[in-house]
Amino acid sequence: METIFECMMILCICAGLAWELLRFLSSGGQTAAKWERLTMITICIGFVVGIVWKAMEKPVPWIFAFYVIGAMLSYTTAVFSFPEKKA
């Protein structure tokens, strides 16, 4: 049961990250504040810590994959939160 709730938690966080990513992509990163960037980077660090914890504690492959997807999604969201530079 604990595994199901952990998966639901990760999927809900990933859904929020996907929403932020779509918002940043549609605005070109112009609407992102520095606190939103910091939040995305902090979430990414949390997912990386979760990856290490899952690899050491209870290696369930599909939950481990959710942590990796979450880390990549938060990293991508953080990258796209920076405004585009136009030359």
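Select Arg-23 and Glu-36: their side chains meet in a salt bridge, 2.6 Å from N to O. This is a predicted model. The pair links distant parts of the chain, with Arg-23 in helix α1 and Glu-36 in helix α2, 13 residues apart. Arg-23 counts as partly exposed, at 26% relative accessibility. Glu-36 is partly exposed too, with a relative accessible area of 24%.

Glu-20 is buried, at 17% relative accessible area. Show the three residues together: Glu-20, Arg-23 and Glu-36 are linked in a network of salt bridges.

How many salt bridges does a search of the whole structure find? It finds three. Are Lys-54 and Glu-6 buried or exposed? Both are buried.

Now turn to the rings. The structure holds two aromatic pairs. Select Phe-47 and Tyr-67. Their arrangement is edge-to-face, at 6.2 Å centre to centre and 75° between the planes. Phe-47 belongs to helix α2 (residues 34–56) and Tyr-67 to helix α3 (residues 61–80), so the pair joins parts 20 residues apart in sequence. Phe-47 and Tyr-67 are both buried.

Next, select Trp-62 and Phe-66. Their ring centres are 6.2 Å apart and their planes stand at 90°, so this pair is edge-to-face. Both residues lie in helix α3, four residues apart, about one turn of the helix. Trp-62 is partly exposed, with a relative accessible area of 46%. Phe-66 is also partly exposed, at 23%.

Stay on Phe-66 and display its surroundings. Which residues does Phe-66 touch, leaving aside those up to four places away in sequence? They are Cys-7, Ile-10 and Leu-11. Draw a distance from Phe-66 to Ile-10: their C-alpha atoms are separated by 6.8 Å, although the two residues are 56 apart along the chain.

Colour the cysteine sulfurs next. The structure holds zero disulfides. Cys-12 is exposed, with a relative accessible area of 56%. Select Cys-44. The closest cysteine sulfur is again in Cys-14, at 11 Å, which is too far for a bond. Cys-44 is buried, with 16% relative accessible area.

Select Leu-22, Leu-25, Phe-64, Val-68, Met-72, Tyr-75, Val-79 and Phe-80. They form a nonpolar patch with about 740 Å² of accessible area together. The elements giving two or more residues to the patch are α1 (2–27) and α3. Which element gives the most? Helix α3 does, with six residues. Pick Val-79 as one of the patch residues. Val-79 lies in helix α3 and counts as partly exposed, at 42% relative accessibility.

Note on methods. Residues numbered from 1 in each chain as written. Predicted model: local features only at pLDDT ≥ 70, side-chain atom pairs only at ≥ 80, totals over all residues. Heavy atoms only, no water. Phe/Tyr/Trp six-rings, centres within 6.5 Å; stacked < 30°, edge-to-face > 60°. Buried < 20%, exposed > 50% of the residue type's maximum accessible area, 1.4 Å probe, protein only. Disulfide = S-S within 2.5 Å. Contact = heavy atoms within 4.5 Å. Patch = residues over 30% accessible without salt bridge, like charges linked within 9 Å, V, L, I, M, F, W, Y side chains within 5 Å. Areas by Shrake-Rupley, 256 points an atom, 1.4 Å probe, with all protein chains shown as cover. Salt bridge = Lys/Arg side-chain N within 4 Å of Asp/Glu carboxyl O.
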